[in-house]
Amino acid sequence: MIDFTPTEEQRMICESVAAYARDAVRPRARDADEEGTIPGDVVGTGWELGLLQSVIPEAYGGFGSQRSAVTGTLVAEELAYGDLAVALHLLAPRLLAQPVIDYGSTRQKERYLPRFTANGLYPATAAVMEPRIDFDLAGLATMARKDAKGWVLSGRKCFVPLGSRAETFLVYAATDPSGGYSAVQGFFVDRGMPGLTIGERERNMGLRALDTVELTLDGCHVPVENRLGEEAGCDFERIMDASRLALGGLAVGVARSAYDYARQYAKERRAFGRAIAQNQAIAFMLAEMAIEIDAVRLLVWEAAWKFDQGQRVLRESYLAKRYAADMVLKITDNAVQVLGGHGYIRDYPVEMWLRNARGFASFEGLAIV
Amino acid sequence: MIEFKLSNAVERMQQITHAVAEGMMRPISREYDEREHEKPWDFIRTMWNVSKDNPIGGKRSKGGNGAAAAAAEAEGEAADGNEHNERNLGMCVSVEELSWGDAGLYLSIPNAGLGGAAVNAAGTAEQRHRFLDRFKEGDPKWAAMAITESGCGSDSAAIQTTAVRDGDSWILNGEKIFCTSGLMAGQESKGFVVVWATVDKAAGRAGIKAFIVDAGTPGMKVTKVEKKLGIRASDTASLVFTDCRIPLTNILGSPDVPKTSEGFKGVMATFDATRPLVAASAIGVARAALDFVKDELCKGEFSLRYGVAPTKLTAIERDIMDMETQLHAARLLTWRAAAMLDEGQRNNLEASMAKAKAGLVVTQVTQKAVELLGPLGYSRNCLVEKWMRDAKINDIFEGTQQINMLIVARRILGYSRQELP
């Protein structure tokens with residue numbers, strides 16, 4: 001069947017996430033951006049939503065709910081509607097936990113999953129992106145070489161969320177430089193391991209509240225059992241599909257926040273004796289935003305639904321994420337435009353959303369559903 | 001539950017209509033584009049014989065806008081309560097396939113069309129019976145809707161055609177243009193035309209009512225069949241009404257309609273059902289063009305590298321991926337608008353969103369297809385140039401892209417027509 005209505009359960013989850021985003025996140029987002037840090041209580045309240053805990057199997061202390069990519073995109077949208085930096089901070093531990101649930105050996109599940117169900121957000125993350133102009137998921141430059149003792153990792157990673165405090169990193173590296181997605185494997189690298197250097201906090205255009213770092217892996221040795229899935233390995237393409245779906249949902253959330261703000265502003269701001277929204281030039285910009293947001297959301301939902309059906313969605317997730325990245329930039333830019341001079345001023349949130357939105361074209365592997 | 005699987009019934013319809021498109025429409029597509037104003041009678045008769053028994057969109061129906069469906073309903077063949085109603089969605093899927101075959105031929109298929117949609121949406125049971133039953137029997141028939149005049153299109157409140165009561169009759173006077181299938185509905189078959197006219201010019205929109213004029217009614221005359229950019233297999237007619245006398249009961253809706261604004265609203269509501277169909281037709285044309293481009297490209301070394309870094313894509317890959325994405329986004333918006341209607345929800349906003357997006361997207365996609373194919377795209381030896389011409393109508397009829405944007409804007413802003421003119 002073709003159906004566009006979330007389930008009752010999904011609606012309830014979205015409502016609680018939306019309430020958190022509205023009441024706890026949005027009022028603090030600007031200060032967080034200026035100060036470069038997210039207040040602990042904002043993270044704490046967000047963690048208590050139990051978004052990650054719910055999908056961890058009961059055997060490891062979670063609630064054992066079935067993982068749903070559709071629900072994941074819905075949640076991503078609501079979180080990002082509050083603030084993208086907070087959303088990525090809260091979702092970062094899942095970058096390690098979800099692949100462990102999906103591909104981890106029993107030993108790896110026992111080792112890592114209980115950490116996420118104890119009190120408070122456990123700082124873990126994944127390292128996907130690389131600081132070079134030709135960064136390509138289908139051809140990572142970070143290499144993993146097997147030797148007698150295990151695996152040797154070499155390369156540089158960047159934009160690793162929660163990197164300053166993460167205890168464990170899931171580092172993705174290629175075993176063959178021309179092997180595409182299938183040659184990429186994940187490796188657990190703990191803070192303090194020889195050969196791992198955690199760089200300074202990165203200084204980015206947007207997402208200033210989000211802690212991201214560069215990692216340098218210089219002949220970093222990890223034991224064989226630190227390979228995600230051990231002998232069986234993982235399906236990097238599918239992990240990245242889940243990432244593209246999350247990024248798509250997040251982009252929709254950012255776009256919707258900018259659209260809502262601009263629409264409200266345009267109805268209140270008066271010029272020449274009427275609200276500026278009463279001019280078709282402005283009204284049509286807003287109408288286009290509304291249409292584009294819905295268009296992208298439906299593409300993301302469909303790809304997520306297919307993912308949940310077990311289908312390969314490289315094409316669908318890739319196209320949806322690509323469109324989402326274009327769309328969110330255009331919408332946030334237009335939101336700044338609707339506000340005119342005020343849009344450029346940091347007293348208003350829209351310039352921050354534009355800076356955040358610009359990243360989506362480059363972002364990969366920053367969150368997964 | 002969010003779900004994107006076409007039901008088996010809709011998938012079957014998709015297969016059948018695709019077979020029609022490929023086997024019956026594509027082979028005569030170019031011919032009836034070149035021979036404008038000639039009718040593909042073999043195709044028309046075949047489609048009539050098939051569709052009067054098996055209406056596009058299936059028989060299971062509650063309301064909806066197909067004539068045969070309405071007739072079935074009148075006979076008491078109500079929808080199976082356990083069966084999910086997916087009539088509008090099914091129509092969208094079918095119309096996309098038929099338009100993939102040929103949009104002009106699709107529009108020339110004999111059926112109750114837009115006129116029937118209006119009767120079904122706003123007519124009384126007696127009117128549905130009197131005007132729609134005929135679409136189940138006899139020779140091929142068409143029904144049309146005449147709104148546009150030389151001085152007004154989207155601004156239907158400015159209609160100048162008049163309807164004046166005279167005893168047991170209405171008398172119509174005026175001229176209509178751009179009436180799709182007007183020739184077939186008004187003159188060449190035993191169909192009918194739904195004509196918008198004012199009963200009170202001073203009342204503005206409230207004075208606009210719809211009237212059903214049987215084909216061949218004295219005083220109604222087809223004066224011109226337009227020569228067009230595309231969809232040439234479909235006739236677009238001018239109709240002149242000179243003291244055209246119709247029965248009092250031919251005012252669309254209840255006899256009280258003249259005193260209320262009901263008639264106008266009712267007919268406007270048919271657009272909520274037909275805009276997704278226009279969007280679906282648009283998507284079919286653009287998909288034809290996109291399929292063709294991809295097939296041609298893939299004869300060479302070309303492949304689409306989904307998943308590589310965006311910076312590594314070639315310009316052509318980017319173009320094709322944009323086309324695919326935009327087209328499918330328009331399709332999902334269209335399906336949503338149709339599914340809402342099937343669920344009995346108001347879809348005025350969503351229908352306009354789909355129509356506005358689809359009209360724009362198919363225009364861009366087909367124009368880009370001509371460009372990407374180079375000399376092949378521009379040549380009349382291929383159908384791509386035709387698809388570009390055909391596609392453009394979808395950006396215009398059933399409300400231009402701009403009118404639909406205006407509807408979306410008013411709705412999202414909560415503005416009236418006066419607040420956002």
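This is a predicted model: local features need pLDDT of at least 70, side-chain atom pairs count only at pLDDT 80 or more; totals for chains, interfaces and linings use all residues.
Two strands count as paired here if DSSP finds at least two bridges between them.

1. **Strand 4 of chain A and its partners.** Nine bridges connect strand 4 of chain A with strand 8 (residues 212-223) of chain A, and the two run antiparallel. Strands 3 and 4 of chain A make a hairpin, with two residues between them. Within this pairing, Arg145(A) has Val152(A) of strand 4 of chain A as its bridge partner.

2. **A helix pair in chain A.** Helix 2 (residues 40-47) and helix 4 (residues 84-91) of chain A pack with their axes 10 Å apart, at an angle of about 60°. Angles of 65 to 115 degrees would count as roughly perpendicular and those under 35 as roughly parallel, so helix 2 and helix 4 of chain A are oblique to each other. Their crossing is right-handed. Helix 2 of chain A brings Val42(A), Val43(A), Gly46(A) and Trp47(A) to the contact, while helix 4 of chain A brings Val86(A), His89(A) and Leu90(A). By class, the residues of this contact are five nonpolar, two polar and no charged.

3. **Where the chains meet.** On the chain B side, 36 residues are in contact with 38 residues of chain A. Strand 1 (3-4), helix 10 (315-342), helix 11 (348-372) and helix 14 (401-413) of chain B each give at least two residues to the side that touches chain A. Helix 10 of chain B has the largest share, with 10 residues. That side of chain B divides into 23 nonpolar, six polar and seven charged residues.

4. Strand 1 (residues 2-3) of chain A pairs with strand 1 of chain B in the antiparallel sense, over two bridges. Here Ile2(A) stands opposite Phe4(B).

5. **Burial in chain B.** Helix 13 (residues 384-392) of chain B is mostly covered, with nine of its nine residues buried. Among the buried residues are Glu385(B), Lys386(B), Arg389(B) and Asp390(B), as well as Trp387(B) and Met388(B).

6. **A loop residue worth a look.** Leu252(B) lies in the loop between strand 8 (236-247) and helix 9 (262-298) of chain B. Leu252(B) counts as buried because it has 26 C-beta neighbours inside 10 Å, against a threshold of 20 or more. Although 128 residues separate Leu252(B) and Thr124(B) in sequence, their C-alpha atoms are 7.5 Å apart in space.

Key
Residues are numbered from 1 along each chain as its sequence is written. Chains are lettered from A and ligands numbered from 1 in the order in which they are written. Helices (H or I, at least four residues) and strands (E, at least two) are DSSP runs, numbered from the N terminus. A residue is buried if 20 or more other C-beta atoms lie within 10 Å of its own, exposed if 12 or fewer, and partly exposed in between; C-beta atoms are placed from the backbone. Axes are lines fitted to C-alpha atoms, for helices over the stretch in contact, and angles run from 0 to 180 degrees between N-to-C directions. Angles under 35 degrees count as roughly parallel, over 145 as roughly antiparallel, 65 to 115 as roughly perpendicular and the rest as oblique. A crossing is left-handed if the near helix is turned anticlockwise from the far one by less than a right angle, and right-handed if clockwise. Two residues are in contact if their C-beta atoms, placed from the backbone, lie within 7 Å. Ala, Val, Leu, Ile, Met, Phe, Trp, Tyr, Cys and Pro count as nonpolar, Asp, Glu, Lys and Arg as charged, and the others, Gly among them, as polar.
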